[in-house]
Every structure is written in C-alpha cells, then in structure tokens.
Amino acid sequence: MTLDQLLADTKPALSQIYAEDLPELTQAKDWQSKYRILMQLGRKLPPIPEKMKQPSLLVKGCESRAWLMHYYNQHQDQHFFVLDSEARIVKGLMAIMLSLVNGMSNTELKKFELAQAFDKLNLKPYLSQSRGSGLNAMMARIKDCCH
Amino acid sequence: MHSFDPVNFRGQFAFFQHNPGWVYLDNAATMHKPNVVVDAMAMFYQRHNSNVHRGAHTLSQHATRAFEQARDDIAAFINASAREQIIFCSGATAALNQIAFGLMHTVLKAGDRVLITALEHHANIVPWQIHCSKYGVILDIVPLTADYKVDQQAFTELLALKPKVVSFSHISNVLGHIQPVTQMVSQAKAAGALTVIDGAQGIVHDKVDVQSLDPDFYVWSGHKLYGPTGIGVLYGKTAALELLTPLFGGGEMISEVNFSHSLFNILPFRLEAGTPDIAGAIGLAAACNWLQSINNEQMKSYKSMLLKQFFAGLNKIDGLDILSSPVHNAGIVALNVQGEHPADVAELLNQQTVAVRGGQHCAMPFFSLLGLAGAVRFSFAPYNTEADVATSLHALTQAVEILTA
C-alpha cells in the first residue's frame, strides 16, 4: 500500500459519504440510527496500514489515537488527505469533516471553519459532544498543512 | 452515629435534583458534594472570609480558627496522633510530588532504590521518574499477576534489594482491587523502607486509621471524598515530614527571611507555602465530619450489593472482557466490549446519559502491559441506586448491540 493508493481509495469514499451518508445522517430519527450511520461511514474510509502509521502522523489531543497523511497537488492547488482512528465513532466524525475539506485549495482550506460548516449541516451537536474526541485536534492538524 | 439509609443519603446531594436523567458512574474521577459541604464553604465566604495566620484583626483570627479546626477534624478523621501531621495541599498529585521531591535531598542518594507497582496512577509514577532520573536513584516496579493484582511474591523479592522508599496505592483506580496494604506496609517497614500510600481511592472506601495502618505517608484528594476540588491531604508521621525539603517556598513557610538565606517555619506551615485553600479545607472537613456521622460498614455493604448486582448483570451480556475481579473490589469495574475501542463504548453510554470514563485512566503503563487501548470504567458510590445499576446494564447492552450490528 502506498500513499497514492490510499488517496485514490479515500477520494471516492468521501464523495459517497458526502452525497449519500450525510443526508441520511441529518435525517436519522433516533440516536441509535445516527450512531449506526456514523460507524458505517467510518468503515468506508480505507484504513491506514499499521506499518505506515509513523509516530509523526499521530494526532495528539484525543482519548483514542488518530493519524493523518497529507498530499498537496501543486499544479492544481489542491490538498488531499487520508486519515484513520482506532475509535469508530471518532473515525465517522472525522470522515464527515474530511468529506467537506478534501480537495480544497490552499485559500479555501485556510478560510474553512468547522463549527460553521457543521452548523449548516445540522451536525453541531456532534461537534460539541466530541470536544474530547480529538475532532478539533484533527482539524487543527489539517489546517497546519496549509502554507 | 446514624445508620445508612440510601434514599436519605442520595437526597443530600443537590446535584441529583438538578440532573435527574443522569446515571453517574464516574465516581473514581470525582464525587458529588453533599449539601453540608457546599453550605460550609458558602458560609465561610459569606460570613467569615479573611486570610489566615495574619491575625492583625479579629476576622482573620476567626478565619484562622476555622481553618485550623478543619485540620483538627481531618486529623481526627484518620486518627492522626498530632494535628501538624496534616499538611494541606492541592490533592494527591501535589502530595506525591512534594514527597518525591522532598526525599531526594535528605533520604535518597544516587544508587538508592525506590519501589512502586505496575498498577499505579500516573501521579505515583511520574514524580518518581522525574526526580529519580535527576538524582541517579533507581526506580523498580513490582509486576502484576495474571489476574491483575500486585505480585506479592515479586514484591517480597524486590524488597530484598533494600529500597529506601516504597510507594503504592491503597486501591487501584483502574480496577478497584483493594491491595493487602497492612501486610505490604509491615513488609516494607521490616525491609527498612519509608512507606508512602496513595489513598486517593482507598480513603473513599475504607475507614483509614493511620496509627494502626502505620505508613510514613498517606495522601489523598478532597474531591474524590465528597469534598471540593483543589484541596487534598498529605499525612505524614512527624519524623517523616521533617525529612521533606519543601517543594514550594514563599509566605507562611518561613520564620525568618533575608537576602542570603531563610529559616523555615515549623510543621505544618513549613510545607504550606502561600495562602492555603481555606474554604477548601473547611469544605473537606465538613465532608469528613459528615461521613464520620454515618455508619461506614452499612455504606460499604450497600455499595457491595450494587456491585454484586452489576457483576451479575454483566455475566448476561455476551462479548465483554471484564478486567476487574468482583473479589476484594471497592466498587470499580473496568471492562471492554471485545474488539471495540473504549472511547466508542463510553460515547454510546453517554448518549444514554450514563456517565462513565473510557480510556487509560492515567495508567498508561498498565494498559501497555496488557496490550489494550484502555477500558471503560464504571465506578460506584453509595448514592448510586439499584435503578442506576439496571439502567447502566441496559445501556451497555444497547451499546454492544449497536457496535456489533
């Protein structure tokens, strides 16, 4: 497995999450269905193989461990990411976050505000609940990739 | 002494009236405060607030009297032989840092050994690491048995290396296992070591008599014993406290200061630099006095009845790895849903308003020994109810269903 392959597998998974799972999540009636969807959508992201999880990729600030890999396409000015977490709910939330920012230009990513974006999608409760889960730490790490 | 009545007991906590939907099983992290504690602190601030030991005016004398009365009450609570053996600090962490630092210059020299166990909270590991590595002191760790208890055979063997200090927890904060402290203290003493007990969980469960248990130091945090946050107790035998170099310098702890050197004050002030947490000490003493008025044996047997019900319920849920033993357990159950991360389990319980802790509980070395990401910890208190047990079991069943669907 290489970063290129992971990026290639992550991209369509994120499009599907954005187009299909996100609307389903916002319309889910009870908390059980919401969490089932969250966990399924986390599963759609290809896992980063153990061998590739270098300590430098570890995102601190989470109860559970999470990892982030980054690739910047200079010609097209686009940031692409691959991420993984050992906790499934966290991975689901991170997948949603990534589906919003993957492929953004440097300027777009710099301007992106997670709280606003989650609010627009009626996902804000998830953001406040998961303050300790490292979602904000992951977002900060993604933003650190900007130049 | 009053007999323990669960309904009356729970009724003394305003928290539960304000949060009727919640099942609170994170008591090992912090406990709720009975109204007597909150009232005592409010009373101090509203009527008696002044700084202590600066008795130029009568108000300060009143505050000093109340603060020193708190020291007396706490000394009586653990049956300390003298009031100056109670040192107020911010909690067990601060106390252990003071002890580790304070013994380095006086007792521990390069090549000496300190012995702790593999079951310790970070607060009883990291201070020793920091100071031992700085002064060339060797830190030994007692390993665990297969059922996660401190290996007493290995403990005896490591004592043969003649450690100068032995430091261990009374009750494990992760698993709830009660250590054979009386035996460990007497063995360590026979080996010529100073003994330090981290009583953060222990004092909540058992009535502690420091004269009969006889350690050199026993430390605990107020907030885990129905008291406020920010206050804790470093108990030490007078001779042991005299060995401690103060970690903090400042006001109160000196008798004379000039620019070339200072003379330290007597105990307990020598180890209490700066303005103390006056209201905190008064709140903690109120908690101790209140607890002492309730039959502890009845309270313990009520808690163990809840624990028994909880364990019985767990046995009916498939797919759990239970780390805690029901035997010699102070009311803490650590478990995992097989193949699932504890953070996920804890979040699904949170969705059902069951408050537990999921993670490593400040005991990373223990979990790396086990090769686990952590555990979900349910910790019970005497204000919990049989309904809490039933609700948490139902919530856990739901969580398992969602995770394994």
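Let's start with polar contacts across the interface. Between chain B and chain A there are eight residue pairs in polar contact, both partners at pLDDT 80 or more. Keep in mind that this is a predicted model.

Who supplies the chain B side? Three elements of chain B give at least two residues each: helix H14 (342-351), strand S14 (357-359) and helix H16 (386-404). H14(B) has the largest share, with five residues. By class, the side of chain B that touches chain A has six nonpolar, seven polar and three charged residues.

Now the contact as a whole. Chain B brings 16 residues and chain A brings 13 residues. The two chains bury about 1300 Å² between them. Carbon and sulfur atoms account for 55% of that area.

How many salt bridges cross the interface of chain B and chain A? The rule finds one. Glu340(B) pairs with Arg88(A), at 2.5 Å from N to O.

Over all chains, the structure holds 20 salt bridges. Here is one within chain A. Arg65(A) and Glu86(A) form a salt bridge, with their closest N and O atoms 3.4 Å apart. This pair links distant parts of the chain, 21 residues apart. Arg65(A) is in the loop between strand S1 (58-59) and strand S2 (66-73) of chain A. Glu86(A) is in the loop between strand S3 (78-85) and helix H3 (88-101) of chain A.

Next, empty space. Rolling a probe the size of a water molecule over the atoms shows where it is left. The count comes to two cavities of 30 Å³ or more.

Last, the backbone. Most residues other than glycine have a negative phi, and most peptide bonds are trans. Two places in chain B deserve a look on that score.

Take the peptide bond from Leu267(B) to Pro268(B). Cis or trans? That bond is cis, with omega near 0°. Pro268(B) sits in the loop between strand S10 (262-264) and helix H12 (278-292) of chain B.

Then Lys162(B). This residue is not a glycine, yet it has a positive phi of about 60°. Where is Lys162(B) placed? In the loop between helix H7 (152-159) and strand S5 (165-169) of chain B.

Key
Residues are numbered from 1 along each chain as its sequence is written. Chains are lettered from A and ligands numbered from 1 in the order in which they are written. This is a predicted model: local features need pLDDT of at least 70, side-chain atom pairs count only at pLDDT 80 or more; totals for chains, interfaces and linings use all residues. Side-chain values use heavy atoms; hydrogens and water are left out. Contact means heavy atoms within 4.5 Å. Buried area is the accessible area (1.4 Å probe) that two parts lose on being put together, summed over both. A salt bridge is a side-chain nitrogen of Lys or Arg within 4 Å of a carboxyl oxygen of Asp or Glu. A polar contact is a pair of N or O atoms within 3.5 Å; within protein, one must be able to donate a hydrogen and the other to accept it, and residues adjacent in sequence count only if both atoms are side-chain atoms. Helices (H or I, at least four residues) and strands (E, at least two) are DSSP runs, numbered from the N terminus. Ala, Val, Leu, Ile, Met, Phe, Trp, Tyr, Cys and Pro count as nonpolar, Asp, Glu, Lys and Arg as charged, and the others, Gly among them, as polar. On a 1 Å grid over the protein atoms alone, a cavity is a set of points where a 1.4 Å probe fits but cannot get out, and a pocket is an open set with protein on both sides within 12 Å along at least five of seven lines; lining residues have an atom within 4 Å of a point. Grid points are joined across faces, edges and corners, and a volume is the space filled by probe spheres set on the points.
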